[in-house]
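Here is a friendly briefing to read alongside the model.

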Amino acid sequence: MKRSSTPITVRSGHREFVKLNAKKYDWRDIYHLILTLTWPQFAGMVLGIYLCINLIFATLYFLGGNCIAELTPGSYSDDFFFSVETLATVGYGHAYPATLYGHCVATLEILVGLFGLAVLTGLIFVRFSRPTARIRFSEVAVVAPFNGAPTLMFRLANLRHHAMVEAEFRLLLMRSELTKEGEDIRRFYPLRLEFDHLISFPAALTLRHAIDETSPLFGLNSEDLKLTDSRMLVSIVCVDPVIQAPVQSQTEYVHEQIAWNRRFAEIYTEDDVGRYTVDYSKFDETVGINGEK
């Protein structure tokens, strides 16, 4: 790979990676590049391409002399706005190609306009139709006794107003360790959840990992996690039944975001007819293991 002086920044959770000597753009993958642009960047790109095309064709009309009837001879602005009308296939009727050269340039511009409109329509449709998960994760994770064992817990909420289906959950521990050769490397450990699949995910739930003898977290405390720069990566993949498409979301918890000897405040209440009320205002609230604030 060729050396490059421009670093490329990639963010993953709370960590930032800087790639050196990597190619920033690959024009063979321009479709993906356009989809990763923000809406202001996308709008600016479309406007820039639109102006460039019209300037190019206005220059061709200008170089052709009086190839367009009813336009002021030598007026570049008239040629530019005639190009705008031709590109959009509007055709106001007062101006028209008067020579073979003018007909050829206008024909080429109409083809460019038709292809451009088709491509732009497809890109805008894809950008609008891309599914989003609308999943909220709790700001902190907690470690507290649950069912007689210390347990790592965090919350997820479905912000859509319909139940997601076939939800799958993953929890991964990342930390620094020394090998026997003294090399400092990052190790990755999947953490077993109490359950990792739900047929229906309507509102909010708590995921739990029991810290028993088989857990990589067994016997560790907050200081141990800090010394090894430990991070928890949580992921959910589910299907949105409205658009029939899989959606994915993830977050990362660093050691400062893990509250020890605290549990989440209760957000569910049940009324007389068996209907559950979920109070999202308490979603991130935690209390002590004995109920104290």
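A pocket here is an open set of points, on a 1 Å grid over the protein atoms alone, with protein on both sides within 12 Å along at least five of seven lines; its lining residues have an atom within 4 Å of a point. By that rule, 18 residues line the largest pocket, and I49, I53, G116, L117 and L120 lie nearest its centre. Please keep in mind that this is a predicted model, where local features need pLDDT of at least 70 and side-chain atom pairs count only at pLDDT 80 or more, while totals for chains, interfaces and linings use all residues. Residues are numbered from 1 along each chain as its sequence is written, and side-chain values use heavy atoms, with hydrogens and water left out.

**The largest pocket**
- Its volume is about 520 Å³, taken as the space filled by probe spheres set on the points, which are joined across faces, edges and corners.
- Helices α1, α2 and α4 each contribute at least two lining residues; helices are DSSP runs of H or I with at least four residues, and strands are runs of E with at least two, numbered from the N terminus.
- Helix α4 gives the largest share of this lining, with eight residues.
- The lining comprises 15 nonpolar, three polar and no charged residues, where Ala, Val, Leu, Ile, Met, Phe, Trp, Tyr, Cys and Pro count as nonpolar, Asp, Glu, Lys and Arg as charged, and the others, Gly among them, as polar.

**The cavity**
- A cavity is a set of grid points where a 1.4 Å probe fits but cannot get out.
- Searching the whole structure turns up one cavity of 30 Å³ or more, and the largest cavity has a volume of about 50 Å³.
- Residues V143, L152, I211, L217, L220, L225, M232, I258 and W260 line the largest cavity, giving nine nonpolar, no polar and no charged residues.

**Helix α2**
- Helix α2 covers residues 39–63 and reaches 36 Å from its first C-alpha to its last, close to the 36 Å expected at 1.5 Å a residue (1.5 Å times one less than the number of residues).
- F42, N54, F57, A58 and Y61 of α2 are buried, meaning under 20% relative accessible area with a 1.4 Å probe and protein chains only.
- The buried residues of α2 pack against α1, β3, α3 and α4.
- After α2 comes G65, with a positive phi near 70°.

**T86 in helix α3**
- T86 sits in α3, residues 76–87, and counts as buried because its relative accessibility is 9%.
- Leaving out residues up to four places away in sequence, T86 touches Y61, A106, E109 and I110, with contact meaning heavy atoms within 4.5 Å.

Methods
Buried < 20%, exposed > 50% of the residue type's maximum accessible area, 1.4 Å probe, protein only.
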